[in-house]
Every structure is written in structure tokens, then in C-alpha cells.
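Here's a quick briefing to read with the model open in your viewer. Take a look at the fold first, then work through the notes below.

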Amino acid sequence: MSQPAFAGVDWGTTRFRAWLLAADGEVLAERRADDGLLATERDRFGDVLEGHLAAMGADAALPVLACGMVGSRQGWVEVPYVDVPAKLTDVAAKAVRVPGTKRDIRIMPGMAQRDPSQPDVMRGEETQLAGVAGLHGGDTLVCMPGTHCKWVELRDGSVSRFTTWLTGELYSLLAARSILRHSIGTAGATVEAGDSMFAKWLDDGLAHPGDATSRLFRIRASTLLFDLKPAEAAAALSGLLIGSEVASAKAHFDAAGRTVTLVVSGKIGALYVEALQRAGLKATLIDAERTVRLGLMEAARTVFGTAGGGAKS
């Protein structure tokens, strides 16, 4: 029976995920919980982690490698950013050990783009990118949808530049807190790829990437004047925002004719595939959770000297 080489942890703002990983990447045990940053007091990170490790049967000497917001200023230990451009292997080498713990617990750094004209930061995505590089080599344009969608240029195993779009957060805020809440109601989670209303507003966003704010109120007006239904309004808002993002990113990264590596889980992946295709781009999908595990395996080679590969993750 395989033995765990280390525990990999993805500790985000709202969610906690952990895996016991063998040296060849096999997942031996896992835990998922709502013990994210917002739900964990600063002096309780160690207790929360040890509780999950004990539930998985982890030995007291098993090392831990964590990524995500646990390394932020509000997290367990603030881990300094690594500036881009930077090789992903160099990022892993700067993982920081949590002081005052018997167990060897390391936290991955995030990455920073310190260009004053386009400053940006990421935490957690750098580990997924290490997984992407391990699967598809080091040269690709990566799109990582989410609350804050990251587009990243990978060149020769290095992050050369990246940009964040607040597409997911804007959708949530506009649907729940703006005038559009009267149009969308409780239909915010019903958008499906292939929806004709999504496609209509997606094309509008693709055609007018810099004009989304002046077009948002048209969703409300369509409700009042043309009886736009809540599910249609939700599809319209999603299409407009995603279309605007994809068109903007296509221009920013000069991506015409390129294949985009789409790192995503869940239904939103199909929405982005449709958006990329309608923008004239090709998409290669990789499961976001798998890339986290693969990235943790890649990083563990540097941090702990863990042998083997991540093919089974």
C-alpha cells in the first residue's frame, strides 16, 4: 500500500481542501470544509489544520505544503510575493516555513506584478500554474475563471505577465446589490452554455469590450420594456461580462489565433469555452482542482525533495 509523502493543502478565502499525496501523486485521502480564511481565527490555523490531518490519519511527522490565502496578510503567516517575470520552480523555492510548529509546514508565496501602470497580485493560482506547466510545458496563455479571473502568459516555465478581471465578483455584486437585482431576482445561478440570451449578450460584450458599463442598464431597460425574464436577465449579465473580459484579454495578450489553456471546474467552464470559441480562440480544458494537486506535487519536489511525478493526481 502506498504511503503519503506529504499533505497538500489549498487554503482559500472560504474553502479548505487537503490531500494526503503519495510520491507518485496518488491521492490517499482528502478533506473538504468551509474552514477558509474568513472562518478561521488567526491563532486557530494550526488547530484547524491538525484536526483535518488527524481525520485523514496523517502521521505527526508528515510535512505539509499549503497554498492560497493562508499565506496572505490576513492569513496564518504572510509570505512575501515573488515578482514576475519568475520561473515557477523559483516560486516553490521561496515557500516559507510556519514558525513555532513541530510539524514541517510550508506555505507557498504568491506572485506580484510591480509595474506601476498595471500592478497585480495572485495567491494560489501560482500553484495551479505549476501544474499546468507540468502537463503542457511552459509556453501557453492560461485563463483561470473565478471570482477574480486571471489571464497568465507562461513562457519557458516562467510567468512573464498576468492580468486580473473581476468578472465573477462584478456579476455577484451587480446581481445582488445593484438595480439589476430587480431584474435577476433569484435566477443568478441558472445560466447554462448554449442559452440563446447568453449568446446574444456574449456577442455584444465581445463586440464592445470597453463599453460594458454603458450597456449594463440595457438589461434593466429590457426587463421594463420587453418583459425580459429573470433567467434571461441573469444570462444577459453573464454573457455581457464574460464577453467583455474575453475580448479585452484577447487584445491585451495579442491572442488572435492562439489556443487558451482554460483552468476551471464546474459549469462556468462551458460558458468560457463558448466565449472563447465565439471570439475565434481555441480552448484546452484542465480541471482546476487537478492542477492544484499537480502543482503541489511539482512544488514538493523543490520544497521537500519529494520523488516521483504527479501523473495520478
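This is a predicted model: local features need pLDDT of at least 70, side-chain atom pairs count only at pLDDT 80 or more; totals for chains, interfaces and linings use all residues.

- Strand E9 (residues 111-113) and E10 run antiparallel, joined by 3 bridges.
- If you want a landmark there, Gln113 stands opposite Asp120 in E10.

- Strand E2 (residues 16-22) has 7 of its 7 residues buried, so the rest of the structure largely encloses it.
- Side chains go both ways from E2: Phe16, Ala18, Leu20 and Ala22 point one way, while Arg17, Trp19 and Leu21 point the other way, and all are buried.
- E1 and E2 pair in the antiparallel sense over 7 bridges, and a hairpin joins the two through 4 residues.
- Within that pairing, Pro4 stands opposite Ala22 in E2.
- On to the next neighbour: E2 pairs with strand E3 (residues 27-33), again in the antiparallel sense, over 6 bridges.
- Phe16 has Ala33 as its bridge partner in E3.
- E2 and E3 also form a hairpin, with 4 residues between them, and Gly25 in the turn has a positive phi of about 95 degrees.

**Aromatic pairs**
- How many aromatic pairs does the structure hold? The count is 6.
- One of them is Phe6 with Phe304, a tilted pair at 6.2 Å centre to centre with 45 degrees between the planes.
- Phe6 lies in strand E1 (residues 4-11) and Phe304 in the segment after helix H11 (288-303), so this pair ties together parts that are 298 residues apart in sequence.
- Buried or exposed? Phe6 counts as buried at 0% relative accessibility, whereas Phe304 is partly exposed, with a relative accessible area of 23%.
- Trp11 and Phe45 make an edge-to-face pair, 5.1 Å centre to centre and with 65 degrees between the planes.
- This pair also links distant parts of the chain, with Trp11 in strand E1 and Phe45 in helix H1 (residues 45-55), 34 residues apart.
- Trp11 counts as buried at 1% relative accessibility, and Phe45 is buried too, with a relative accessible area of 0%.
- Ring pairs link Trp11, Phe16, Phe45 and Trp76 into a cluster, and Phe16 is also one of the buried residues of E2.

**A charge over a ring**
- Arg123 lies over the face of Tyr81, at 4.3 Å from the ring centre.

**The largest pocket**
- The largest pocket comes in at a volume of about 1500 Å³.
- It has 49 lining residues, and the closest to its centre are Glu125, Pro145, Gly146, Thr147 and His148.
- Which elements each supply at least two residues of the lining? They are strand E10 (120-122), helix H3 (125-136), helix H4 (167-177), helix H9 (230-252), strand E14 (259-264), helix H10 (268-278) and H11.
- By class, the lining has 19 nonpolar, 18 polar and 12 charged residues.

Conventions. Residues are numbered from 1 along each chain as its sequence is written. Side-chain values use heavy atoms; hydrogens and water are left out. Rings of Phe, Tyr and Trp (its six-membered ring) pair if their centres lie within 6.5 Å; planes under 30 degrees apart count as stacked, over 60 as edge-to-face and the rest as tilted. Buried means under 20% relative accessible area, exposed over 50%, partly exposed in between (1.4 Å probe, protein chains only). A charge sits over a ring if NZ of Lys or CZ of Arg is within 6 Å of the ring centre and within 35 degrees of the ring normal. On a 1 Å grid over the protein atoms alone, a cavity is a set of points where a 1.4 Å probe fits but cannot get out, and a pocket is an open set with protein on both sides within 12 Å along at least five of seven lines; lining residues have an atom within 4 Å of a point. Grid points are joined across faces, edges and corners, and a volume is the space filled by probe spheres set on the points. Ala, Val, Leu, Ile, Met, Phe, Trp, Tyr, Cys and Pro count as nonpolar, Asp, Glu, Lys and Arg as charged, and the others, Gly among them, as polar. Two strands pair if DSSP finds at least two bridges between them.
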